[in-house]
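Reader: Hello! Could you give me a close look at the aromatic rings and what surrounds them?

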Amino acid sequence: MDSNSDRGFVLCFGFAFNNVQFSDHLLRIEITNGGEITNGDSVQDRKRRRRDVNTSAVGGENEKECNPPAPRVTELHISSPILAAQSPFFYKLFSNGMIESEQNHVTLRIEASEEAAVMELLKFMYTNSLSSVTDIPALFRVLMAADKFEVASCMQYCIRSLLNIPMTLPYASLILRLPWPLLVADSVKPLTNVAKHFLIMHFNDITKFPPEELTALPLVGIMTLLMSNDLMITSEDIVYEFVLKWAKANYSVLEERQGILNHLAPYIRFPYMTCPRLKKILTSDDFEPSVAHKLVFEALFFKAETSLAHRAAIKADSLGRRFIERSYTCRPIKTVEFEVPHRQCIVYLDLTRTECNALYPSNRIFSQKFHLGGKEFLLSPCCNKDQQNRFHHFGLFLWSQEKGSSVSVTVNYEFSSRWKPTQEFAISRKGKYKFTGVQSIGFRDVLGAPWATFIGEDSPYFINDLLHLRAQLSIRL
């Protein structure tokens with residue numbers, strides 16, 4: 001008989017529920033006033049509760065604790081074949097010798113918070129339906145009871161019902177607050193995947209949401225966002241600040257906060273954070289000193305590594321996730337700063353051929369910000385036509401980002417790129433400019449080549465499909 005026939009056969013047993021004429025055992029349910037099922041229950045707690053149910057299944061004076069509070073008792077007439085067919089838990093209960101042949105009753109001990117869900121679960125095992133359970137919290141309680149008593153068909157029923165409910169932020173948060181063993185169960189993954197996808201789409205740009213809405217997310221929700229490669233953010237600094245605010249809002253004790261940040265660290269892309277922000281980690285109490293040094297030095301080593309093959313090997317190892325670049329709205333850079341003999345900053349910006357192709361015919365992208373002489377700057381590669389409006393070229397501009405500042409700074413700048421076959425940097429353009437506010441300076445044709453030559457397959461500017469740009473900026477008094 002196939003599964004569909006089995007389900008139809010089970011449906012006909014609804015009339016036998018709590019009917020003495022069609023029952024061979026009496027189920028005595030002891031309802032205690034213990035703590036509720038909480039989302040923070042550990043795997044060990046859940047296993048312990050299941051062992052408690054097993055050991056308390058056989059009634060008797062030897063199972064009682066010393067001076068226990070008197071439980072409330074509900075009795076039901078049950079059919080052991082029906083329950084055993086639906087649940088491995090009940091199958092073992094009725095077949096592994098825990099119940100003597102002359103014994104016709106069993107005892108289950110549950111908590112008061114589980115009572116309604118367990119009663120609905122028992123009815124389901126006769127009818128294969130939860131017609132009276134329609135709201136989300138009740139379905140979750142039945143789902144947890146079905147998981148506890150190993151009723152797979154009821155879990156599947158609950159999941160199908162929950163998947164038919166339109167997803168909202170409170171609903172997604174509720175799903176991701178399920179007990180961890182249930183959250184990672186294969187049968188529940190379709191539901192958790194939908195909730196995670198909704199969360200990623202909803203919080204795609206985390207900068208648009210008030211802090212209190214983000215800090216209210218559960219831990220699994222935070223992990224879900226951190227695992228996404230498609231967050232709309234300018235740099236990983238924003239992600240780190242967001243995680244830090246969430247941790248401080250939810251874990252006031254320093255040791256606990258450091259512990260949860262250690263747990264989340266593999267999902268934070270430290271190699272793509274800016275150097276000034278990485279330096280702050282070393283002097284903060286966000287992590288234990290040994291952990292902070294490991295994370296920061298690992299990130300700086302990755303930034304300094306210029307070999308694409310070596311970078312690929314690092315990304316592929318067991319630590320790989322935090323070395324994978326997100327789809328940042330501003331391109332990551334590497335910077336080297338000097339204070340002597342004069343203030344100087346060397347900025348490295350790498351662009352893929354695909355990214356350069358996307359600039360045509362008149363687009364531009366921006367790098368992450370960097371600092372020099374107390375001002376914020378960024379680089380902006382672009383595609384534009386020459387002044388005669390005849391040919392497209394690859395351009396590169398330096399932008400000052402200081403709004404409302406009256407302080408001026410004169411910057412000597414020099415743009416260069418790596419060329420084949422030497423793969424060394426060759427100076428393309430240089431100049432000098434006095435910045436006083438939000439201004440830009442650069443070249444519409446920084447490489448001195450038409451677009452077709454620049455982007456072509458035999459282009460000397462792309463090394464392994466990567467364009468390596470360098471901007472050397474200095475302030476000479």
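**Rings, charges and cores**

Author: Arg364 lies over the face of Phe397, 5.6 Å from the ring centre. In the same way of counting, the charged end of Lys334 sits over the ring of Tyr348, at 6.0 Å from its centre. A charge sits over a ring if NZ of Lys or CZ of Arg is within 6 Å of the ring centre and within 35 degrees of the ring normal. Please keep in mind that this is a predicted model, where local features need pLDDT of at least 70 and side-chain atom pairs count only at pLDDT 80 or more, while totals for chains, interfaces and linings use all residues. Residues are numbered from 1 along each chain as its sequence is written, and side-chain values use heavy atoms, with hydrogens and water left out.

Now to ring against ring. The structure holds 27 aromatic pairs (ring centres of Phe, Tyr or the six-membered ring of Trp within 6.5 Å; planes under 30 degrees apart are stacked, over 60 edge-to-face, the rest tilted). One of them joins Phe124 and Tyr157 edge-to-face, with 5.5 Å centre to centre and 65° between the planes. Phe124 lies in helix H5 and Tyr157 in helix H7 (residues 152–163), so this pair ties together parts 33 residues apart in sequence. Helices (H or I, at least four residues) and strands (E, at least two) are DSSP runs, numbered from the N terminus. Phe124 is buried, at 0% relative accessibility (buried is under 20% relative accessible area, exposed over 50%, partly exposed in between, with a 1.4 Å probe and protein chains only).

Another pair, Phe454 with Phe462, is tilted: 5.3 Å separate the centres and the planes make 45°. Both partners are buried, Phe454 at 1% relative accessible area and Phe462 at 0%. These two also belong to a cluster that ring pairs build from Tyr360, Phe394, Trp419, Trp451, Phe454, Tyr461 and Phe462. Tyr360 has a further feature: its peptide bond to Pro361 is cis, with omega near 5°. Pro361 is in the loop between helix H18 (353–357) and strand S7 (366–367).

Phenylalanines matter for the packing count too. In the largest nonpolar core, which has 94 residues, Phe90 and Phe270 touch the most other members. Such a core is a set of buried Ala, Val, Leu, Ile, Met, Phe, Trp, Tyr and Cys residues joined through side-chain atoms within 4.5 Å. Helix H6 (residues 136–148) gives the largest share of this core, 9 residues.
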